[in-house]
Amino acid sequence: MLAEADIRANLAAVRARVDDACRAAGRRPDEVEVLLATKTQPAARVAVAVAAGARLIGENRVQELAEKDAWLASLPCERHFIGHLQTNKVNQVLRYVSCVQSVDRPDVADRLQRRLAVLDQVLDVLVQVNTSGEDSKFGVAPADAVQLIGEVAKHDRLRVRGLMTVGLQSPDAAAVRASYRALREIRDRARDAVGLELPTLSMGMSGDLESAVAEGATMVRVGSAVFGPRPRPAGR
Ligand SMILES: *Cc1c(COP(=O)(O)O)cnc(C)c1O
């Protein structure tokens with residue numbers, strides 16, 4: 001496990017990478033937020049990162065949100081859900097997060113809508129798109145994305161803020177960048193077709209955030225670059 005000083009230094013290094021990537025792309029650094037992907041990290045580690053300035057936390061599993069809640073609920077950070085959401089976990093996830101980034105099918109939107117109506121709340125959501133075409137990835141297929149965005153937007157309890165993707169995992173930087181460009185192009189098409197602003201593009205991770213920023217990311221999701229390698233394979 002990394003020492004606290006390492007977490008602080010890594011967080012600063014990630015922020016510097018994002019800032020450099022923004023300048024290289026002719027963008028302002030304040031256009032891109034860093035979300036910390038905290039799966040498998042104990043709450044105490046997450047708390048260190050929040051003390052070091054992290055303001056956005058992303059969890060992949062409802063179980064981990066529940067386990068860490070006693071620590072994290074009182075900290076000055078916003079929690080998002082970035083993992084695959086099963087419909088039977090919808091009620092639970094709403095206890096912990098202010099945004100679900102992984103809406104990728106109509107039944108999840110329907111279930112969120114129903115529960116939010118009971119709670120008399122609204123929720124920010126992103127629609128997750130499978131831009132890599134890999135079967136192992138969640139997300140709506142690019143060809144169906146605009147239609148799904150339109151359907152999700154009909155739910156009056158859901159505020160569709162934009163799109164999220166887990167891009168292609170490949171050593172081919174041009175192919176990775178193309179998967180991020182695809183998300184931006186879907187956003188641009190949906191903007192016209194659905195008439196929503198869709199300002200948020202959540203894309204880019206520890207290994208490829210520069211490519212994502214170059215293609216218009218407004219939020220990068222970073223785990224291992226801050227916390228070190230994960231002990232077991234990453235959840236999605
Ligand atoms: C783990 C994870 C990340 C961060 O991945 P790193 O390579 O550790 O930066 C980003 N997004 C999602 C959905 C993740 O599950």
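**View 1. Surroundings of Glu-59 in the predicted model.** Leaving out residues up to four places away in sequence, Glu-59 touches Thr-38, Lys-39, Glu-64, Leu-65, Lys-68, His-80, Phe-81, Ile-82 and Gly-83, where contact means heavy atoms within 4.5 Å. This is a predicted model, in which local features need pLDDT of at least 70 and side-chain atom pairs count only at pLDDT 80 or more, whereas totals for chains, interfaces and linings use all residues. Residues are numbered from 1 along each chain as its sequence is written, and side-chain values use heavy atoms, with hydrogens and water left out. Glu-59 belongs to strand 2 (residues 56-59); helices (H or I, at least four residues) and strands (E, at least two) are DSSP runs, numbered from the N terminus. Glu-59 counts as buried because its relative accessibility is 1%, the terms being buried for under 20% relative accessible area, exposed for over 50% and partly exposed in between, with a 1.4 Å probe and protein chains only. The side chains of Glu-59 and Thr-38 make a polar contact at 2.8 Å (a pair of N or O atoms within 3.5 Å; within protein, one must be able to donate a hydrogen and the other to accept it, and residues adjacent in sequence count only if both atoms are side-chain atoms).

**View 2. Glu-64 and its contacts.** Glu-64 is found in helix 3 (residues 62-72) and is buried, with a relative accessible area of 5%. Apart from neighbours within four places in sequence, Glu-64 is in contact with Thr-38, Lys-39, Thr-40, Gln-41 and Glu-59.

**View 3. His-80 in strand 3.** His-80 has its place in strand 3 and, with a relative accessible area of 4%, is buried. The side chain of His-80 makes a polar contact of 2.8 Å with the side chain of Glu-78. Not counting residues up to four places away in sequence, the residues that His-80 touches include Leu-35, Leu-56, Ile-57, Gly-58, Glu-59 and Met-219. His-80 and Leu-56 are 24 residues apart in sequence, and their C-alpha atoms are 7.4 Å apart in space.

View 4. The ligand is surrounded by 14 residues, the closest being Lys-39, Asn-60, Ser-206, Ser-224 and Arg-230, and a residue is near a molecule or strand if one of its heavy atoms lies within 4 Å of it. A polar side-chain atom of Ser-206 lies 2.5 Å from an oxygen atom of the ligand, while a polar side-chain atom of Arg-221 lies 2.9 Å from a nitrogen atom of the ligand. From Ser-224, a backbone N or O atom lies 2.8 Å from a ligand oxygen atom. Taken alone the ligand exposes 380 Å², of which the protein buries 93%; accessible areas come from the Shrake-Rupley method with a 1.4 Å probe, and for residues only the protein chains shown count as cover. By class, the shell has five nonpolar, five polar and four charged residues, with Ala, Val, Leu, Ile, Met, Phe, Trp, Tyr, Cys and Pro counted as nonpolar, Asp, Glu, Lys and Arg as charged, and the others, Gly among them, as polar.

**View 5. The nonpolar cores.** The largest nonpolar core has 60 residues, and those with the most contacts inside it are Val-93, Val-100, Leu-112, Val-152 and Val-220; such a core is a set of buried Ala, Val, Leu, Ile, Met, Phe, Trp, Tyr and Cys residues joined through side-chain atoms within 4.5 Å. Helix 1 (residues 4-24) gives the most to this core, with six residues. Apart from this core lies another, of nine residues, among them Leu-35, Ile-82, Leu-126 and Met-164. Leaving out residues up to four places away in sequence, Val-152 touches Val-103, Ala-109, Val-125, Val-127, Leu-158 and Val-160.

View 6. Most residues other than glycine have a negative phi. Asp-120 has a positive phi, near 55 degrees, and is found in the loop between helix 5 (106-119) and strand 5 (123-128). Leu-198 has a positive phi near 50 degrees and lies in the loop between helix 7 (173-194) and strand 7 (200-202). Asp-120 counts as exposed, at 59% relative accessibility, whereas Leu-198 counts as buried, at 1%.

**View 7. Gln-113 in helix 5.** Gln-113, placed in helix 5, is buried, with a relative accessible area of 17%. Not counting residues up to four places away in sequence, Gln-113 touches His-155, Asp-156, Arg-157 and Leu-158.
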